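Please open the structure in your viewer and follow the stops below in order.

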Amino acid sequence: NAVLTEAPAELVLKFDKPMRITKLALTDRSGKDYEVQRTDQMKHVLKLVAQLDPVPSRECQINWLGLSEDGHPMKGTFSFTVK
């Protein structure tokens, strides 16, 4: 729920144990999707870095789905607002 003065150029997700992220989506409050360019090649990683297309000044939400190394499904959601 961070409030940012400028839109982020990249997104970084860090995990305690390796995760394979199967879905990563950035949407605004109206449901519009924004491009996310991943660098993980769908492999298990401790840190995922993704480049973001320019995000307008509004509330945005990140949703991710993944699998741990032992196959357990995981998911997360967080949001930020660009003012």
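Is aspartate 40 buried or exposed? Select aspartate 40: the residue is buried, with a relative accessible area of 6% (buried means under 20% relative accessible area, exposed over 50%, partly exposed in between, with a 1.4 Å probe and protein chains only). The side chain of aspartate 40 meets that of arginine 38 in a salt bridge of 2.7 Å, N to O (a side-chain nitrogen of Lys or Arg within 4 Å of a carboxyl oxygen of Asp or Glu). Arginine 38 is partly exposed at 28% relative accessibility.

This is a predicted model, in which local features need pLDDT of at least 70, side-chain atom pairs count only at pLDDT 80 or more, and totals for chains, interfaces and linings use all residues. Residues are numbered from 1 along each chain as its sequence is written, and side-chain values use heavy atoms, leaving out hydrogens and water.

The structure holds three salt bridges. Next, select arginine 58 and aspartate 28, whose closest N and O atoms are 3.0 Å apart in a salt bridge. Arginine 58 lies in the loop between strands S5 (45–52) and S6, and aspartate 28 in strand S2 (residues 10–28), so the pair ties together parts 30 residues apart in sequence (strands are DSSP runs of E, at least two residues, numbered from the N terminus). Aspartate 28 is buried, at 5% relative accessible area.

Move on to glutamate 59, which lies in strand S6. Its side chain forms a salt bridge with arginine 29 (3.9 Å, N to O). Glutamate 59 is partly exposed, at 33%, whereas arginine 29 is exposed, at 71% relative accessibility.

Technical notes
Helices (H or I, at least four residues) and strands (E, at least two) are DSSP runs, numbered from the N terminus.
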